[in-house]
Amino acid sequence: MRYLTVIIVALFFTSCNKPQEVKMMTYQGPAFGTTYSIQLFTDDYADLEKGLDSVFYKVNKSVSTYLYESDISKINRGDSTVIVDEIFKDVFRVSETVFTNSKGYFDPTVGTLRNAYGFGNANDIITLTPKKLDSLRQFVGFRKVKILADGTVKKAHPSVYLDFNAVAKGYGIDLLGNFLDSKNIKNYIIELGGEVLAKGKHLGRDQPWTAGVEALDSKVEHRAYDALVQLNNEGLAGSGNYRKFRIDTITGKKFVHTINPLTGMAEASDVTSATVIAPTCALADAYATAFMAMGLERAKKVIASQEDIAAYLTYIEDENTTGTYVSQSFKNKMLR
């Protein structure tokens with residue numbers, strides 16, 4: 001991780017007893033297979049690098065399916081002796097909440113299918129026949145996994161594969177926020193892989209922090225935005241199929257990265273992107289994934305039922321027409 005120098009650097013020491021002035025600092029670096037950026041205001045210039053690295057390490061050790069020796073990887077391989085930590089338990093609880101509220105459209109046990117379609121960290125199954133799909137679906141279902149009182153995990157079948165990747169990144173961002181809170185830093189914005197957590201405000205502008213909803217035709221090298229929103233102690237996360245897909249090399253069939261846990265199919269719903277604002281980034285992350293799988297009408301019902309969820313959805317109306325659904329709570333946060 002690289003520690004970047006402060007953006008605002010004017011300091012004047014007219015007296016040795018004069019309090020240090022508040023200034024904005026920026027931290028950037030790699031994390032969770034992507035990159036992060038943190039902007040914060042503080043009058044304490046202590047180096048935060050080790051603390052930030054510690055958060056990344058703990059999250060990876062607990063719930064990263066890409067690390068062979070992580071707790072979740074051991075559990076997925078059938079190790080029933082692993083005693084999970086609070087990170088694992090918290091991510092499990094968030095997942096259970098969104099699983100219940102989405103009526104099963106958010107399901108971390110879909111990892112078995114994600115691997116089969118080639119979106120996980122296991123070998124691709126190039127030709128996924130209906131018979132093979134049916135055989136794999138028996139391992140999908142969040143109720144087939146429990147955390148026991150002693151902290152071990154019980155699976156209904158050894159082949160049940162847990163994958164928290166659709167919530168762990170957002171949860172990791174929340175933990176970064178908790179770390180900054182513990183350092184009495186009250187004004188900051190964290191961006192990691194396109195997901196955002198904001199607390200307080202941008203003191204230099206005396207305004208709430210601002211984040212963007214990425215346009216569907218946005219280029220990786222030059223981001224474009226359809227809307228700007230102000231975040232007030234909230235998290236924002238998005239999901240979309242417009243970049244993440246795989247083409248079967250034999251059949252030529254296109255598989256999108258969002259999988260419907262109820263059917264086992266990796267086929268796009270009418271929702272093409274979902275951007276969600278929630279009290280935590282973990283919740284925003286999970287709901288965005290659920291909305292992609294469940295489609296527009298079901299998503300609208302869930303959004304209406306959750307007072308603390310705001311959403312911006314793009315969808316396909318027909319072959320040549322696209323549409324946008326913006327909840328009133330999301331509109332209230334948009335810059336005009």
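Lys74 is partly exposed, with 25% relative accessible area. In this predicted model, the side chain of Lys74 forms a salt bridge with the side chain of Glu69, at 3.7 Å from N to O. Side chains of opposite charge can pair when their charged atoms come close.

Is Ser70 buried or exposed? Ser70 counts as buried, because its relative accessibility is 1% and the cut-off for buried is under 20%. A polar atom of the Ser70 side chain lies 2.6 Å from the backbone oxygen of Ser64. The Ser70 side chain also makes a polar contact with the side chain of Ser73, at 3.0 Å. If residues up to four places away in sequence are not counted, Ser70 touches Asn60, Lys61 and Ser64.

The protein chain has 336 residues, and buried residues make up 49% of them. The chain contains 9 helices and 15 strands. Among contacts with a separation of 6 or more, 57% are between residues 24 or more positions apart. The accessible surface of the chain comes to about 16,600 Å², and carbon and sulfur atoms account for 52% of that surface.

The next topic is the interior. In soluble globular proteins, nonpolar side chains tend to be buried together. Here the largest nonpolar core holds 81 residues, and the members that touch the most other members are Leu40, Leu52, Phe88, Phe164, Leu180 and Phe291. Helix H7 (residues 281–294) supplies the largest share of this core, 12 residues. Another core, of 17 residues, lies apart from it and includes Ala198, Ala211, Leu236 and Ile277. What does Phe164 contact, leaving aside its neighbours within four places in sequence? Its partners are Val63, Ile72, Phe88, Val91, Phe92, Ser95, Pro108 and Phe142.

Salt bridges come next. A search of the whole structure finds 10 of them. One joins the side chains of Asp90 and Arg93, with 2.4 Å from N to O. These two residues are separated by about one helical turn, because they are 3 residues apart in helix H3 (residues 86–101). Both ends of the pair are partly exposed: Asp90 has a relative accessible area of 24%, and Arg93 has a relative accessibility of 42%. The pair also belongs to a network of salt bridges that links Glu86, Lys89, Asp90 and Arg93.

Another salt bridge connects the side chains of Asp181 and Lys199, at 3.6 Å from N to O. This pair links distant parts of the chain, since Asp181 is in helix H6 (residues 165–182) and Lys199 is in strand S7 (residues 195–199), 18 residues apart. Asp181 is partly exposed, with a relative accessible area of 35%.

Arg137 lies in helix H5 (residues 130–137) and is partly exposed, at 34% relative accessible area. Which residues does Arg137 touch, not counting those up to four places away in sequence? They are Lys144, Leu262, Thr263 and Gly264. Arg137 and Thr263 are 126 residues apart along the chain, and their C-alpha atoms are separated by 8.2 Å.

Ser269 is found in the loop between strand S12 (254–256) and strand S13 (271–278). Its relative accessible area is 19%, so Ser269 is buried, the cut-off being under 20%. Not counting residues up to four places away in sequence, Ser269 touches Met292, Ala293 and Gly295. The C-alpha atoms of Ser269 and Tyr315 are 8.5 Å from each other, and the two residues are 46 residues apart along the chain.

Tyr225, Leu228 and Leu335 make a nonpolar surface patch of about 280 Å². Leu228 belongs to strand S9 (residues 225–231). Leu228 is partly exposed, with a relative accessible area of 39%.

Technical notes: Residues numbered from 1 in each chain as written. Predicted model: local features only at pLDDT ≥ 70, side-chain atom pairs only at ≥ 80, totals over all residues. Heavy atoms only, no water. Patch = residues over 30% accessible without salt bridge, like charges linked within 9 Å, V, L, I, M, F, W, Y side chains within 5 Å. Areas by Shrake-Rupley, 256 points an atom, 1.4 Å probe, with all protein chains shown as cover. Salt bridge = Lys/Arg side-chain N within 4 Å of Asp/Glu carboxyl O. Helix = DSSP H or I, 4+ residues; strand = E, 2+ residues; numbered from the N terminus. Buried < 20%, exposed > 50% of the residue type's maximum accessible area, 1.4 Å probe, protein only. Polar contact = N/O pair within 3.5 Å; in protein donor to acceptor, adjacent residues only side chain to side chain. Contact = heavy atoms within 4.5 Å. Core = buried A, V, L, I, M, F, W, Y, C linked by side-chain atoms within 4.5 Å.
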